[in-house]
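Hello,

Please find the structure you asked about below. My notes on what turned up in it follow.

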Amino acid sequence: MRMGFFPGCSLEGSAREYAESLRAIAPLLEWELEELPDWNCCGATAAHCLNHTLGLALPARILALAESAGLEELLVPCSACYNRLAATRQELQQNVELRPKISQVIEMELAGRTNVVHVINALTRAANNGLATKLKEPFRHKVACYYGCYLTRPLSTASCKRAEDPQEMDDVMRAIGAEPIDWAFKVECCGAGLSVTRVDLVAELSGRIIDDAVQRGAEAIIVACPMCHSNLDLRRGAIQRNRRRRYSIPVLYVTQAVGLALGLDRQALGVHRHFVPVRLPEVSCAARAALTREDVVHGEREL
Amino acid sequence: MSGSRSGSLDGSGLSARIHHFTNESVLECYQCGKCSAGCPLARDMDFPPSYLLRMLQLGMPVLDEQVLASLSIWLCLTCEACVARCPKEVGLPRIMDFLRQESLKLGKVNPKAKEILAFHRSFLDSVRRTGRLHEVGLIARYKMRTLHLLQDVLAAPKMMARGKLRLMPPRGAGKSDVRKIFHRTSAADPTVTQPLSSSDPQRCREEQS
């Protein structure tokens, strides 16, 4: 399936393993990724915080590029980019007066024909389309699916249907053999853009997320946003100092977990690039418990 | 406080300007407090979100001033939890964007938000120059602006070892188009991306105080 691909800036730097793992699983899922030529930054939080028109114009140029390339769908891995692109598309669709103004700024026509699709939605489609039959090494681990803000909010453009208890990532994880846990911090904010300016606040917010996942027995946290990943992984030192506790739970991109289940090499998925080493128990606690139960049952039968 | 001033959306007060530019009405809020309960940083703010809305509703110039000079508007993470839980769907994220821009234009930025503003500006500087964000360039600019030269120096070699530091800025990323976009959008609003200088409203305010 042919899909336009907008990687976004982080995937060229601090989140390159997200790009590597996405490109690695794409052929196995029959995704034909066509990177948008000449793409620019979506402006992220900085643009819409400081200048409303700039905050619309930067994503509008990306949407217009996709449209002029004749793409029906634009695949976006970063949740923050997704939020800016989807919000801009919606605002320009609803506000007819704004459209010519933005068109003038970007010197491109924009009709809003291209759909913005988050990686989670593309994976959901794959999960409904026989992903389970392609598994080589099912990802049998207890996982905490962490959605953060922009997969679930604002609801009108969000890629997930339920704002407080989304299920999309959980379903993808189930499809690859994992056991998603029920936990309280699925949609809490990690501290996002304050990562550099207020590490103290990020350590506090991300610390609560990590702690809840660990308390409830997760073996890994699964994310779909470079900002969430960097706050939970790169900032682990600050989190541990803030909470005066060590946490060894790894944080994986959803594409890495899917890649591992598809039997891809860890190196190809960029698993070695994390700050917190990805060490997963050979067989998960849950699976081990099930095994024991089965053994017991089996044993009883033999007796 | 005069009755006519309170709750007015057609005067020249801040709530009227919010309504004019964002189409959001602060009068919708009936102070249930769900936004403040759900805001991840409410307890670190000088005024939690529902307080800001109440201050705006009252329409008193002294309160409008306090809103524009608050740290809250800069701490806001734009996580959108407030509007997701608001029974009246008051578009607080959009209001916050407007308040930040207004605070910047009028030179009212809270001194404690200096780093946060410097980060946003460094971010946009980097995008204007190369069309895409260059993370190394962003951090270098941020350090120059804030003089926090030693912050995160230990993270750099670790990121390098993991192949996550891209030293060279990105090339050919619609650079000239993006420059034009910056030029056109900041013509109406020059405070946004200008480098730190004597005309910087942030610095002006600090010098005055």
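**Helix contact and domain contact**

In this predicted model, helix H1 (residues 16–25) of chain A and helix H11 (residues 254–261) of chain A have axes that come within 8 Å and cross at roughly 40°. An angle under 35 degrees would count as roughly parallel and one of 65 to 115 as roughly perpendicular, so H1(A) is oblique to H11(A). The crossing of the two, H1(A) and H11(A), is left-handed.

On the H1(A) side, the residues making the contact are A:Glu17, A:Tyr18, A:Ser21, A:Leu22, A:Ala24 and A:Ile25. H11(A) contributes A:Thr255, A:Gln256, A:Val258 and A:Gly259. Sorted by class, this contact of H1(A) with H11(A) has five nonpolar, four polar and one charged residues.

Now the domains. Chain A is divided into domain 1 (2–119) and domain 2 (132–290). Taken over C-alpha atoms, the centres of domain 1 and domain 2 of chain A are separated by 24 Å. Domain 1 of chain A puts 24 residues into the contact, and domain 2 of chain A puts in 26 residues.

Which helices supply the side of domain 1 of chain A that touches domain 2 of chain A? H1 and helix H4 (79–94) of chain A each supply at least two residues there. H1(A) gives the most to that side of domain 1, with eight residues. By class, the side of domain 1 of chain A that touches domain 2 of chain A has 13 nonpolar, eight polar and three charged residues.

Regards

Note on methods. Residues numbered from 1 in each chain as written. Chains lettered and ligands numbered in written order. Predicted model: local features only at pLDDT ≥ 70, side-chain atom pairs only at ≥ 80, totals over all residues. Axes fitted to C-alpha atoms, helices over the stretch in contact; angles between N-to-C directions. Helix = DSSP H or I, 4+ residues; strand = E, 2+ residues; numbered from the N terminus. Parallel < 35°, antiparallel > 145°, perpendicular 65-115°, else oblique. Left-handed = near helix turned anticlockwise from the far one by under 90°. Contact = placed C-beta atoms within 7 Å. Nonpolar A, V, L, I, M, F, W, Y, C, P; charged D, E, K, R; others polar. Domains from an automatic or database assignment.
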